[in-house]
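Visitor: Hi, could you walk me through this one, starting with what I need to know before looking at the charged side chains?

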Amino acid sequence: MQGVRRYSPLTDGGGVTLELTTTTNSPLAIDVTESTEMRIRRLISENPVVIFTRTGCCMCHVMKRLLLSAVSVHPTVIQLEEEEIAALPEVAGAAEDCGEMPAMYIGGTRVGGLESLVALHLSGGLVPKLAEVGAITEMVL
């Protein structure tokens, strides 16, 4: 997870991107003794909607656009380094699609990748799930 830097809002209105590293010279410093698995677990538990992605992942962009345009949700997006991606299966409990990137969590529960998100949305399950975790306050039709 790379340096904590705040970027200006994305041109598509998709929110703010934060990159995370183990630095100690920032007021937002991350505990350097925290393992990758524990950091991922903490980020999942602290944020109602989280997308873990890798550098240059176009599917992450599609996920963000779907959430923003369909239900007005701004997810927390965490860009992982290749060696950190290996921690996701351990965190997720070794489900079948654990290697899938990007990986999305809603309310601490793994939704899966883009295909799973689209299926959840088309089945009518996305909005209630987002409302349940407080990511949206009213039902979006």
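Guide: A salt bridge here is a side-chain nitrogen of Lys or Arg within 4 Å of a carboxyl oxygen of Asp or Glu. Please keep in mind that this is a predicted model.

Visitor: OK, how many salt bridges does the structure hold?

Guide: The structure holds three. In one of them, the side chains of Arg 42 and Glu 34 meet at 2.9 Å, N to O, while Glu 34 also pairs with Arg 39 at 3.7 Å, and Arg 42 pairs with Glu 46 at 3.2 Å.

Visitor: How far apart are Arg 42 and Glu 46 along helix α1?

Guide: Arg 42 and Glu 46 are four residues apart in helix α1, and so about one helical turn separates them. Through shared partners, the salt bridges join Glu 34, Arg 39, Arg 42 and Glu 46 into one network.

Visitor: And Arg 39, buried or exposed?

Guide: Arg 39 counts as buried because its relative accessibility is 5%, and buried means under 20%. Glu 34 is buried as well, at 17%, whereas Arg 42 is partly exposed at 27%.

Visitor: What else does the side chain of Arg 39 reach?

Guide: From helix α1, which spans residues 36–46, the side chain of Arg 39 reaches the backbone oxygen of Glu 34 at 3.0 Å.

Visitor: Switching topic, which helices and strands does the chain have?

Guide: The chain has six helices and six strands, which follow the pattern β-β-α-β-α-β-α-α-β-β-α-α when read along the sequence. Of the 141 residues in the chain, 40% are buried.

Key: Residues are numbered from 1 along each chain as its sequence is written. This is a predicted model: local features need pLDDT of at least 70, side-chain atom pairs count only at pLDDT 80 or more; totals for chains, interfaces and linings use all residues. Side-chain values use heavy atoms; hydrogens and water are left out. Helices (H or I, at least four residues) and strands (E, at least two) are DSSP runs, numbered from the N terminus. Buried means under 20% relative accessible area, exposed over 50%, partly exposed in between (1.4 Å probe, protein chains only). A polar contact is a pair of N or O atoms within 3.5 Å; within protein, one must be able to donate a hydrogen and the other to accept it, and residues adjacent in sequence count only if both atoms are side-chain atoms.
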